[in-house]
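These are my notebook entries on one structure. I set down what I looked up, entry by entry.

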Amino acid sequence: MQPDMSPRKKPDLDSSFFDSDLVVETMPYGFVYHDASGKILYANISAQRILGITQRQIFGRSAFDSEWLSIHEDSSPFPGEEHPVSIVIRTGREISNVVMGVFNSLRQKYIWINISAVPFFFDSTNSKVAGVSVTFEDITEFKKNKDFEAELYIRLRQSSLEIAQRQNAIDQHAIVAITDLNGTIVYVNSRFCSISKYSKEELIGQNHRMINSGYHSKFFFHNMYSTIKNGETWHGEIRNRAKDGGYYWVSTTIAPLKSIKGEIEQFIAIRTDITERVKAEQALRISEAQTRAILENSLESILFINPDRTVQFFNNVASQQVKLVLDKDLRIGDFMHDIITSEGLSDFERCFQSALRGDRVIVDRLVHVKESKHWFEIQYAPIKNKFQETIGVLFTVRDISEKKQAEEEKNQYLSELEKLNQTKDKFFNIIAHDLRNPFAGILGVSEMLEEKLTADNTEHSMEYLKITQLIQASSKSAFSLLENLMQWARSQTGDISFDPIITSIDAIIDTTLPLVIGNAFKKNITIERNLSPEKFIFADPALTNTILRNILTNAIKFTLSGGKIIVATVIGKEYVEVSVKDSGIGIKEENIDKLFRIDSKFSKIGTDNERGTGLGLILCKEFVEKQGGNIWVESEFGKGSTFTFTLPLAM
């Protein structure tokens, strides 16, 4: 029977209010009455059972007492000011269905209750709360079931999310297909379509044979199908063919999908694209085969030696040489200290350690093999990994006996050649001493005879004059040849002194022109000067004079009577360019490259039948380059030539 809880009047708070006629002690839910301060005045038996305390323990306690250890559903503390009784006392409003966790000290665990609180008032104005009745029921088991359902739902959602994420991860990385028992495709993911170039519509309902590349044998696939039909998982690598005809490699795992009864219903194939890896492996195999072929066909002994001095690799030549020289059989793993002879061990260790430090070492060694001498060139080179760490030593041995023999023969030949050069130098000295004076005498006599015959001016004297002039011209040509030959010889033996000084190019030109002006006058050739503002050069005046004299002599020789020669200078940043331009007969293009070469001496007859030596321009080139300059020629056949050389400016 429910008590009369009418809020219209203040209840009589004597004990009769709580007797069995008013409150049914056997009601399944708890009932507690609080006064206006929140203290408990009464609690029924169900309340005591639910809360796990006695009437004496509960009587007089406040609803706000912290000893209740009340909590919210999220396990946070349930403070007294939030208790339904506190709210009803403050507001005078009824509070319903508040869920609260209360610690049951008898059961030593939290129980969950659903609380409703109703106010009582002193009078009909409802202005002041006189007391609060609270009813609550134990919903612990109900909440357990609800929490379990919620947890189960969350777990299912989480599992679905994890499955979806795993599937997405697989789809991002792997190529997935599912087939029925007959091998008909029933599912493919997007990566399968991407790599095969087929759409899903083209693949679903088809057999995997449509991507068979023909690379694998029937036995290969027979073994695969036998494995998966027996309920086992198959692993392997397969080459497939795409729609566009291209090939791709996949690492494949095929597993059966079984029903609850354990019967195979479908097959799932998960593949990974390994095309680039297979290509790299094939390229590596080819590279290794090529490297091995090179090493095995090398004429040198080649060994790869580990840092611990053990042999990692050797080629056939190395095996043969060790057998020939040391009468030992070479094997992988051999310790080099057991192979090298005792007298060569210290040298080997020194060079090997240098190679381990990253240095390349090459040594020659003489070895006696069966009473014959053999020279070997031994090289120690570091072998490094991609991190530039030395992981071993490349040890190569090459038989250089023929090379050493050739060097000995060459040295012997050079020694003999040196003797011949010394003989040649003596010969040139004899020429210089014995021929220069006779030539000087012939030239002096011919000049005196020319003067006398010219003054005589008779018919016979004119005839003799021509003969005299011919003798004089021939003597001058021979003397010029002798002078150039002697200068060239001295340049080859290093006897010509080179003494560069700071000097004036204009002064050298002024000194040289008088030496050739007579020849120019005889042919009625004008020599003009076009010089830049004077700059000092760093050069040897004597060598420079020889260069300029030879070039001017050639210009006069190959310029017709009445022609013109221009001597010019151009000042550059570091060099001065000296040029001699003539209006002569020029040089054919195919002959220009021959002018400065001793191995293709080139000489022509001048416009007045003057003969040249062919050595003048060769001397010019050597003397210019000796001073750090260059020389070149520009010419047009029939229109003249320009010879230019450079000399360094004085800094």
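**Entry 1: a strand pair.** I looked up Ile527 and found that its bridge partner in β19 is Ile565. I worked from a predicted model throughout. The pairing of β17 with strand β19, residues 564-571, is parallel and runs over 5 bridges.

**Entry 2: the whole sheet.** I next asked in which order the strands of this open sheet are arranged. The order is β17-β19-β20-β22-β21, which makes 5 strands with mixed pairing. At the edges I found β17 (526-530) and β21 (631-636); each has a single partner strand, so one side of each is left without a neighbour in the sheet. On average, neighbouring strands are turned by 15 degrees against each other, direction ignored.

**Entry 3: helices on the sheet.** I recorded that α14 packs on the sheet and touches β17, β19, β20 (575-582) and β22 (640-648). The direction of α14 makes about 170 degrees with that of β17. I then turned to α15, which lies across β17, β19, β20, β21 and β22 and runs at about 20 degrees to β20.

**Entry 4: the helix pair.** How do α14 and α15 pack, and at what angle? Helix α14 spans residues 505-522 and helix α15 spans residues 541-557; the angle between them is about 35 degrees and their axes are 9 Å apart. On the α14 side the residues in contact include Ile505, Ile509, Leu513 and Val516, and on the α15 side they include Leu548, Arg549, Leu552 and Ile556. By class, this contact has 11 nonpolar, 6 polar and 1 charged residues.

**Entry 5: two single residues.** I looked up Thr252, which is found in strand β9 (residues 247-258). Beyond its neighbours within four places in sequence, Thr252 is in contact with several residues, among them Trp234, Ile238 and Arg271.

I also looked up Gln48, in helix α1 (residues 45-51). Gln48 counts as buried because its relative accessible area is 18%, and the cut-off is under 20%. With neighbours within four places in sequence left aside, Gln48 is in contact with Ala43, Ile53, Thr54 and Gln55.

**Entry 6: cysteines.** A search of the whole structure for disulfides gave 0. I found Cys193 buried at 14% relative accessibility, and Cys620 buried at 1%.

Terms used. Residues numbered from 1 in each chain as written. Predicted model: local features only at pLDDT ≥ 70, side-chain atom pairs only at ≥ 80, totals over all residues. Heavy atoms only, no water. Axes fitted to C-alpha atoms, helices over the stretch in contact; angles between N-to-C directions. Helix = DSSP H or I, 4+ residues; strand = E, 2+ residues; numbered from the N terminus. Contact = heavy atoms within 4.5 Å. Nonpolar A, V, L, I, M, F, W, Y, C, P; charged D, E, K, R; others polar. Buried < 20%, exposed > 50% of the residue type's maximum accessible area, 1.4 Å probe, protein only. Disulfide = S-S within 2.5 Å. Pairing = 2+ DSSP bridges.
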